[in-house]
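Visitor: I'd like a close look at the aromatic rings in this one. Could you take me through them slowly?

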Amino acid sequence: GAPRNQAIRDIVDKVSGVYGENETGMPKEDFENLLYHTGFHESGAIGGTPRASQGYLDSTTGEWVTQGPARSYWQVEPSTLRDLVTARQGDMSTNPTSAYWGPEARRRTGHSAEDLYGMTDEQLSQLLEANPSLGAVAAGGKYVKSMRNAPVNQVMDANEELESIWNIPE
């Protein structure tokens with residue numbers, strides 16, 4: 001059967017419904033399945049115990065050594081979380097936004113876009129590691145943002161394809 005990890009399943013169930021079908025472009029069950037399998041894979045749960053940071057087991061000390069900025073079972077970087085709660089204006093100024101972090105995200109994680117917007121990378125890292133729901137909602141928000149921007153991304157991909165056709169190596 002499919003790989004199972006109850007801890008990750010419980011988190012996905014807890015944050016279910018933060019993003020609706022109109023935002024995800026897919027049935028609720030499919031989006032939950034995407035979140036579950038992302039958390040399962042990124043946390044290394046196939047080895048049994050999911051981890052909230054990437055790294056390795058030090059063979060000398062037996063301690064987990066964390067590497068890289070990503071945290072939570074969904075391996076969300078502080079910069080990704082900040083991007084989800086930040087709006088950029090034409091003059092390049094920024095402000096908090098609820099476009100991808102609305103009332104349901106706040107309710108399920110305990111943190112509003114305004115709270116997260118004002119935090120340092122270190123604070124966001126600690127929060128992502130300590131609050132599993134935060135990572136799951138952030139991963140969901142990242143998927144929603146990618147899906148909303150899919151037409152723009154497709155145009156950019158098409159332009160890059162055209163450029164590569166005309167820039168034939170000699």
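Visitor: How many residues apart are Y36 and F40, and which helix holds them?

Guide: They're 4 residues apart in helix α3 (residues 28-42), so about one helical turn separates them. Helices here are DSSP runs of H or I with at least four residues, strands are E runs with at least two, and both are numbered from the N terminus. Before we go on, this is a predicted model, where local features need pLDDT of at least 70 and side-chain atom pairs count only at pLDDT 80 or more, while totals for chains, interfaces and linings use all residues. Residues are numbered from 1 along each chain as its sequence is written, and side-chain values use heavy atoms, with hydrogens and water left out.

Now for the rings. Rings of Phe, Tyr and Trp (its six-membered ring) pair if their centres lie within 6.5 Å; planes under 30 degrees apart are stacked, over 60 edge-to-face, and the rest tilted. That rule gives 4 aromatic pairs. Y36 and F40 have ring centres 6.0 Å apart and planes at 35°, so they make a tilted pair. Both Y36 and F40 are buried (buried is under 20% relative accessible area, exposed over 50%, partly exposed in between, with a 1.4 Å probe and protein chains only). Another tilted pair is Y73 with W74, at 6.2 Å centre to centre and 40° between the planes. Y73 and W74 are buried too. Then there's a cluster of aromatics: Y19, F31 and Y143.

To count, NZ of Lys or CZ of Arg must be within 6 Å of the ring centre and within 35 degrees of the ring normal. R51 does this with W64, at 3.9 Å from the ring centre.

Most residues other than glycine have a negative phi. S72, though not a glycine, has a positive phi of about 85°, and Q75, also not a glycine, has one of about 50°. S72 is in the loop between β2 (64-71) and α4 (78-84), and Q75 is in the loop between β2 and α4 too. S72 is buried, with a relative accessible area of 1%, and Q75 is buried at 10%.
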